[in-house]
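Please read them with the model on screen.

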Amino acid sequence: MKKLITFLAIGILAVTVAACSSPEETVFQVMEDAASQENAFEKQQKPMNKLESDEKALFDEIMELGMKEFGQIQKLADEALVNLDERRKLIDKEKEALEKSKEEFQKAKTELDKIKDGELKKEAQKLADLMDERYSAYDTLYSAYLTGLSEDKKIYELMKDEELSMEKLEKQIEASNNAYEKVQEANNTFNEKTEEFNEKKLEFYNKAGFNITNDNKD
């Protein structure tokens, strides 16, 4: 049986900083602007999970059919291939949102030297480094997910071959499972980096004496 991998990436915590004119506020307002660029990223999560669940259902239905119902197998395989295309579009939208966030975040990095307090400047640099690690982790996740989609596509293309052997199908399913294990590992790393960044960012804001308001809604 093919595994169901739940793909759920965590977004950046958004907060509002009370207005002030310090270099620290300027730097981290830019960080919040970067976070706002990820709204499109977060919007892809629910539809992505829905498509993954739908694809798993199609796979299970195909596996329950006998070869006498090959016409139905072909129909379901085509539906699954459309599903994969839709997921590719969503992951590309996620990637685009992260790239916009990364571009915005570069502005914050150029402002770090304006922070006068030495300790706060060090903390700011740590946050910048952590965010870079997060972006890098997403690049790994994106690449792994594309590989998973590619391996899934091979499964459904094989299923449309009436002469397909179970041995060949099982081998391809194993390849897909291996690919999604890497997706899960990459997803965990990305989420860990996101959670760490969210935590450290709030710590910094408190140390800087900012009056912050959590903008994220459950």
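1. Glu 38 is buried, since its relative accessible area is 0% and a residue counts as buried under 20%. This is a predicted model.

2. What does the side chain of Glu 38 contact? Another, of 2.8 Å, is with the side chain of Arg 134.

3. For the chain as a whole, the secondary structure consists of six helices and two strands. Their order along the sequence is β-α-α-α-α-α-α-β. The protein chain has 218 residues, 44% of which count as buried. Among contacts with a separation of 6 or more, 85% are between residues 24 or more positions apart.

4. How do α5 and α6 lie relative to each other? Helix α5 covers residues 118-159 and helix α6 residues 166-207; their axes come within 8 Å and cross at roughly 160°. Angles over 145 degrees count as roughly antiparallel, and α5 and α6 are therefore roughly antiparallel to each other. Their crossing is left-handed. Sorted by class, the residues in the contact of α5 with α6 are 24 nonpolar, eight polar and 13 charged.

5. Ser 150 belongs to helix α5. Is Ser 150 buried, partly exposed or exposed? Ser 150 has a relative accessible area of 35% and is therefore partly exposed. From Ser 150 to Ser 176 there are 26 residues in sequence, while the C-alpha to C-alpha distance is 8.4 Å.

6. Helix α3 (residues 45-64) also packs against α5, with axes that come within 12 Å and cross at roughly 30°. Because angles under 35 degrees count as roughly parallel, α3 is roughly parallel to α5. The crossing of α3 with α5 is left-handed.

7. Which residues make the contact between α3 and α5? From α3 come Met 48, Glu 52, Glu 55, Phe 59, Ile 62 and Met 63, and from α5 come Tyr 145, Asp 152, Ile 155, Tyr 156 and Met 159. By class, the contact of α3 with α5 holds eight nonpolar residues, three charged ones and no polar ones.

Methods:
Residues are numbered from 1 along each chain as its sequence is written. This is a predicted model: local features need pLDDT of at least 70, side-chain atom pairs count only at pLDDT 80 or more; totals for chains, interfaces and linings use all residues. Side-chain values use heavy atoms; hydrogens and water are left out. Axes are lines fitted to C-alpha atoms, for helices over the stretch in contact, and angles run from 0 to 180 degrees between N-to-C directions. Helices (H or I, at least four residues) and strands (E, at least two) are DSSP runs, numbered from the N terminus. Angles under 35 degrees count as roughly parallel, over 145 as roughly antiparallel, 65 to 115 as roughly perpendicular and the rest as oblique. A crossing is left-handed if the near helix is turned anticlockwise from the far one by less than a right angle, and right-handed if clockwise. Ala, Val, Leu, Ile, Met, Phe, Trp, Tyr, Cys and Pro count as nonpolar, Asp, Glu, Lys and Arg as charged, and the others, Gly among them, as polar. Buried means under 20% relative accessible area, exposed over 50%, partly exposed in between (1.4 Å probe, protein chains only). A polar contact is a pair of N or O atoms within 3.5 Å; within protein, one must be able to donate a hydrogen and the other to accept it, and residues adjacent in sequence count only if both atoms are side-chain atoms. Contact means heavy atoms within 4.5 Å.
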